[in-house]
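Please walk me through how to read some features of a two-part model. I would like the general idea, and then the case at hand.

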Amino acid sequence: MPNATYIALIPLLPLAGFLMLGLFGRKYFKNTSGIIATTLLLISTALALYTAYGYFFEYGKVDGVYQKLVPLKYTWLQFSEGVSIDMGIILDPISVMMLVVVTFISLMVHIYSLGYMKGDERFPVYYGFLGLFTFSMLGLVVSSNIFQIYIFWELVGVSSFLLIGYYYDKPSAVAACKKAFIVTRFADVGFLIGILILSFYSGTLDFNTLIERLTVPESNELKNAVAASFLGVSALTWGLVLVFIGGAGKSAMFPLHIWLPDAMEGPTPVSALIHAATMVVAGVFLVARLFPVFAISAPSALSLVGYVGAISALIAAVIACTQTDIKRVLAYSTMSQIGYMMFALGVSKYGGEEGLGYTASMFHLFTHAMFKALLFLGAGAVIHFIHSNEMKDMGGLRKYLPITHITFLIACLAIAGVPPFAGFFSKEEILLAAYQHNPTIYWIALITSGLTAFYMFRLYFSIFWNKEHHPHGERHGEGGFVMMMPLVLLAVGAAAAGFIPFGHFVSSDGKQLGTEFHLQFSIAPVVLGLAGIFIAMWMYKKENSKPDKLATSLSGLYKAAYHKFYIDEIYLFITKKIIFNLIGRPAAWIDKNIVDGLMNATGNGTKDISEIIKGVQSGKVQQYAIYFLAGIIGLALLFIYWWK
Amino acid sequence: MIEPGLYHILFISATLFFIGVYGFFTRRNLVTMLMSVELILNSVNLNFIAFNKYLWYDRLDGVFFTIFIIAIAAAEAAVAIAIIINLYRSHKSIDVEDAEEMKY
């Protein structure tokens with residue numbers, strides 16, 4: 001059993017940084033805040049790597065199976081015997097992997113921000129928020145209790161809100177952070193109800209106990225949860241679907257994805273950290289955490305996960321082909337890749353070779369974090385140089401930004417699934433898993449992978465090749481060492497992460513999973529990917545009219561995709577027209593006329609009566625004496641004549 | 001010459017009481033009003049004494065009450081005169097009509 005203290009330090013160090021910078025940053029650490037936060041996180045990262053080494057190679061494996069260890073558990077709120085909210089740390093392959101991913105990406109972003117955010121007025125606040133976010137995310141991944149994960153889940157939402165709205169004097173940023181918060185909160189209601197259902201039937205909030213009770217077929221808890229049904233669906237399935245809704249909100253799955261593109265209003269390193277590599281995979285992580293329950297006890301909930309993931313992947317890829325803001329293209333590509341992870345879980349089964357999808361999903365999560373963070377940081381470097389997000393202002397930048405160019409190219413090749421870059425291996429596994437279990441999803445995934453290659457290289461050629469659209473004045477360099485170093489490190493990750501034998505470490509049942517490489521199977525996706533790249537090259541390498549012609553010939557589809565399939569408009573229609581008019585306005589009328597009316601009537605009545613009788617209080621002493629005398633005489637008469 | 005009985009004394013007492021009440025209501029001068037109050041108190045004293053003498057002449061309760069009332073009346077006069085002096089200082093008048101700010 002490992003020593004729990006240093007594992008607890010991994011999330012607590014960023015929290016310490018947040019408290020220090022949040023409370024005293026603006027006064028005492030105006031210039032040093034970045035260094036402080038980065039140093040703290042460096043220690044966290046080192047501890048996370050040490051933990052990962054220890055877990056995977058020393059104590060984690062017992063008889064060839066990776067155990068779920070709980071080195072730290074502190075009971076925080078005890079409700080009854082067996083039901084309590086604990087603050088604990090769970091170590092299993094996915095949480096250890098996430099510890100490494102989150103600390104590493106966060107460290108890269110911390111370093112990168114030293115250059116990117118230099119000179120910003122609220123530098124300490126920025127690093128404070130980053131620390132809060134890192135703390136919440138690390139707390140989320142090590143949660144040993146379903147309620148603990150919910151607490152950190154909300155903390156992640158809050159810090160994401162703070163960081164999206166970092167430029168709070170920009171109305172679009174304010175609108176975006178509100179939107180992100182409301183949409184994810186809305187989804188989290190589902191999560192909360194799901195937690196209540198699951199914990200009600202299993203009689204516990206502890207993850208390990210809950211999974212154990214709900215997966216053993218003979219257990220009473222499982223029998224009750226399956227027997228109880230609502231609208232023809234068992235309570236267990238409802239609970240899991242509701243938990244998945246929470247996950248879908250955070251992970252920007254269709255139709256709760258609308259906040260993600262708008263969230264790009266935040267500073268670009270934040271987009272890299274939160275809205276690409278870490279926070280948005282929280283939903284995937286949640287499904288993976290409860291995966292045994294999904295796979296063994298409620299396959300129908302799991303297939304819902306699969307289809308939602310596949311639809312999100314395809315829709316996002318189509319939309320990404322038409323967007324012109326580079327960060328939005330990346331946002332939609334994120335959504336698409338998370339769709340991949342989701343449906344990989346959705347097509348997976350529990351245990352052994354059948355659990356390939358689970359391994360593939362986690363593998364893709366790992367490689368995606370690398371190349372997507374790299375893409376965002378590269379886009380940040382481009383935006384830093386051009387001072388614009390629009391593709392049409394860019395072009396020909398390969399001469400000015402050589403390092404960014406090469407690293408961006410590596411990331412694009414990785415996401416497009418070109419061998420031997422990281423994305424190729426993970427995507428191959430996902431496609432294989434889909435091919436084995438669900439042909440429909442396999443075909444959707446295949447089309448999406450072609451589209452992915454196309455839109456990524458559309459982006460790449462538009463930024464770095466094409467014609468130069470920007471004025472040649474006021475050049476400044478590519479950004480200093482602190483901005484280039486993370487790019488290079490992440491590029492190494494994006495290029496080489498695929499060679500990690502992931503199945504050895506992460507699998508649905510903890511046993512080792514051999515992933516052999518199927519050459520004939522990978523031909524189709526690679527050919528499709530290369531075709532996408534060449535089409536993009538043909539259309540966007542030199543400035544020409546082909547893209548416009550294509551857009552006009554597919555005008556209906558193009559327009560719909562450009563407007564993101566009008567999903568935002570549908571939401572606006574539902575909220576503004578239907579909810580506001582049918583519920584909001586009548587409720588407001590009742591409040592104004594009936595509730596307020598009652599209160600006003602009481603107040604006015606009192607006022608009128610007092611207006612009438614206030615003359616009694618005249619201030620004349622003798623008048624009071626007359627009332628007094630009259631009262632005495634009245635009482636005297638009463639006693640003499642009536643009260644015999 | 002008739003020996004004065006209880007009714008005579010009660011009659012005088014009632015007269016004194018209503019003279020006091022009348023004075024209290026009609027006078028505007030605070031000192032006069034204070035004097036009227038004294039009249040009312042003394043009419044009550046007369047009642048106590050009369051009842052004690054004619055009905056329970058073997059007891060002293062009425063006399064005790066009377067002595068108490070006299071003492072209280074003295075204290076009351078002191079307080080009332082203090083109030084009147086203060087009123088005079090602030091209003092330059094001891095007319096009760098001039099002191100009617102304490103109203104709605």
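**Reading chain B and parts of chain A**

Q: How many helices and strands are in chain B?
A: Helices (H or I, at least four residues) and strands (E, at least two) are DSSP runs, numbered from the N terminus. Chain B has 3 helices and 0 strands, in the order α-α-α along the sequence. This is a predicted model, in which local features need pLDDT of at least 70 and side-chain atom pairs count only at pLDDT 80 or more, while totals for chains, interfaces and linings use all residues. Residues are numbered from 1 along each chain as its sequence is written, and chains are lettered from A and ligands numbered from 1 in the order in which they are written.

Q: Why is chain B described as more spread out than a compact globule?
A: The radius of gyration is taken over C-alpha atoms, and the globule rule is 2.2 Å times the number of residues to the power 0.38. For the 104 residues of chain B the rule gives 13 Å, and the radius of gyration is 17 Å, well over that, so the chain is more spread out than a compact globule. Its C-alpha trace spans about 50 × 30 × 25 Å along the principal axes.

Q: What share of the residues in chain B is buried?
A: A residue is buried if 20 or more other C-beta atoms lie within 10 Å of its own, exposed if 12 or fewer, and partly exposed in between, with C-beta atoms placed from the backbone. In chain B, 8% of the 104 residues are buried.

Q: How many residues of chain B are in contact with chain A?
A: Two residues are in contact if their C-beta atoms, placed from the backbone, lie within 7 Å. By that rule 9 residues of chain B touch 10 residues of chain A. The chain B side has 6 nonpolar, no polar and 3 charged residues; Ala, Val, Leu, Ile, Met, Phe, Trp, Tyr, Cys and Pro count as nonpolar, Asp, Glu, Lys and Arg as charged, and the others, Gly among them, as polar.

Q: Is A:Gly352 buried or exposed?
A: A:Gly352 counts as exposed because it has 12 C-beta neighbours inside 10 Å. The residue sits in the loop between helix H15 (326-347) and helix H16 (356-386) of chain A.

Q: Which helices of chain A do the buried residues of H20(A) pack against?
A: They pack against helix H3 (93-116), H16, helix H17 (402-416) and H18 of chain A. Among these buried residues are A:Met483, A:Leu487 and A:Leu490. In H18(A), 13 of the 16 residues are buried.
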